[in-house]
Amino acid sequence: MESAGEFSHMENGESKALMGKESWNNGIKTAQNMSTSLMRKKSDPMLVSRVRFQMLRQFLANLQEVILGTKLAVLFPAIPLAIAADFYKFGRPWIFALSLLGLTPLAERVSFLTEQIAYYTGPTVGGLLNATCGNATELIIALFALYRSKIHVLKYSLLGSILSNLLLVLGSSLLCGGLANLKKEQRYDRKQADVNSLLLLLGLLCHMLPLMFRYAAAPGIFIADSNLQLSRASSIVMLVAYIGYIFFQLKTHRQIFESQEEDEDEDEEKAVIGFWSAFSWLVGMTLIIALLSEYVVGTIEAASESWGISISFISIILIPIVGNAAEHAGAIIFAFKNKLDISLGVALGSATQISMFAVPLCVIVGWIMGIQMDLDFSLLETGCLALTILVVAFTLQV
C-alpha cells in the first residue's frame with residue numbers, strides 16, 4: 001500500500017511513477033483507453049509553474065490536464081450553453097443539440113480519468129472501473145429514459161450503440177485499414193474476437209427468446225407477464241455471464257486481452273494528476289453527464305418534431321455516434337496504422353458491454369423500480385441485430 005505521503009506527493013503535480021507499484025501499463029490497457037488517447041494532447045507545465053500559491057497552481061495544473069488536455073476541448077462550451085438554454089427556456093431542440101455536443105468531450109474525459117485512477121489502483125480494479133465506465137454515456141441516458149418510462153428511447157439507443165459499434169466502427173476500421181495497408185497483411189487476435197463474438201451470440205439468444213415466445217403464443221392469450229418474467233430471468237443469466245467474462249479478462253486469461261500492438265519505443269506513460277483529483281473530476285463529470293442526459297431524454301421528442309426526424313432515427317443513429325465519437329474515431333485511426341487488434345477491441349468490446357451489461361442492467365433496474373422493461377425489441381430491430389452479429393461473427397472467422 002502507498003502511504004499518504006506518496007499520494008500527497010502526486011497531488012502536488014509531480015508525475016513521477018510510484019515505486020514498487022504495478023503500473024497500469026503492466027496490466028491491461030484496454031482498446032477503449034488506447035483509442036481515446038489519440039484525442040489527447042500534451043499540456044505545457046510552464047504555463048502554470050509561475051503561479052505563486054501552491055493550491056492554486058495545483059488546481060490550474062489539474063484544470064489544464066482535464067479540460068484542455070483533449071482535442072475536443074472546443075466542444076466544452078456547449079455544456080454551459082445547454083444549461084443556460086434550459087434555464088432561460090430557449091428552444092428545446094437547441095437544448096437537445098447542445099447537450100448532445102457536450103456529451104462528446106465528457107465521454108472521452110471519463111475514459112482519461114478512469115485510466116488515471118488505474119495507475120494507483122492497479123490493473124484489476126482499473127479494468128473493473130473501465131468495464132463499468134466504458135459506455136457511461138449510453139448507460140446514463142438509458143437509465144434516465146427508463147426513469148421517465150420512455151422504453152422505446154431506451155431500447156433504440158442501446159440497440160443503436162450495438163449496431164454503430166459493429167457496423168459503423170468495425171466496418172469503417174476494416175475498410176479504411178485495408179485501403180491504407182493494401183500491400184500489407186492485416187492480422188488480429190482470433191481468440192479475443194471469438195470470445196466477444198460468442199458473448200454477442202449469447203446476448204442475441206437472450207433477446208430472441210421473448211420475441212419467439214410472443215409469436216409462439218396462441219392468439220388471444222395474454223403473455224405480457226410471462227414474457228416479462230422470461231426477460232428478467234434471461235437478464236440475470238446475461239449479467240452472470242458478463243461477470244464471468246470480466247473475471248476471465250482480468251484474472252484467468254489476462255494475457256489474451258493485453259494489447260500486443262503498442263510501439264516498443266513508446267515512452268512509458270505516467271499519471272499526470274493525483275488519485276483524489278482524478279476521482280473528484282470523475283464524480284463531477286459523471287454528474288454533468290447525468291444532467292445533460294436528462295436534457296437529451298427530456299427534449300428528444302421536441303427535437304424530432306422540429307427537425308422532422310423520427311425518434312427512432314435520433315436514438316439509433318445520432319445519440320450513439322455523437323456520444324462516443326472520440327472512441328470511434330480513435331478505432332478508425334488505429335486501423336489506418338495497421339493496429340487492427342485495437343480497433344476490434346473497441347468495436348467488439350463496446351458492443352459486448354452494451355449487449356451483456358447495459359441492456360440486462362436496465363431490465364433489472366426497471367424490475368426494482370416497478371417498470372415493465374423487457375428484452376423484446378420487436379421483430380425488425382431483433383432481426384437487424386441478429387443479422388449484424390452473424391455477419392460480424394462470420395467475417396472475423398475468415
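User: What is centred on serine 164 in α8, and how is the bend defined?
Analyst: A kink of about 35° is centred on serine 164 in α8. The bend at a residue is the angle between axes fitted to the seven residues ending there and the seven starting there. This is a predicted model, where local features need pLDDT of at least 70, side-chain atom pairs count only at pLDDT 80 or more, and totals for chains, interfaces and linings use all residues. Residues are numbered from 1 along each chain as its sequence is written, and side-chain values use heavy atoms, with hydrogens and water left out.

User: What span does helix α8 reach, and what is expected?
Analyst: Helix α8 covers residues 151-180, 30 residues in total. From first C-alpha to last it reaches 42 Å, close to the expected 44 Å. The expected span is 1.5 Å times one less than the number of residues. Helices are DSSP runs (H or I, at least four residues), as are strands (E, at least two), numbered from the N terminus.

User: Why is phenylalanine 313 called partly exposed?
Analyst: Its relative accessible area is 38%. Buried means under 20%, exposed over 50%, and partly exposed lies in between (1.4 Å probe, protein chains only). Phenylalanine 313 is therefore partly exposed.

User: What makes up the nonpolar patch with Phe313?
Analyst: Leu168, Phe313, Ile317 and Ile321 form it on the surface, with about 290 Å² of accessible area together (Shrake-Rupley method, 1.4 Å probe; for residues, only the protein chains shown count as cover). Like charges are joined within 9 Å, nonpolar side chains (Val, Leu, Ile, Met, Phe, Trp, Tyr) within 5 Å. Helix α13 (residues 311-323) gives the most, with 3 residues.

How values were computed:
Patches are made of residues with over 30% relative accessible area and no salt bridge: like charges are joined within 9 Å, nonpolar side chains (Val, Leu, Ile, Met, Phe, Trp, Tyr) within 5 Å. A salt bridge is a side-chain nitrogen of Lys or Arg within 4 Å of a carboxyl oxygen of Asp or Glu.
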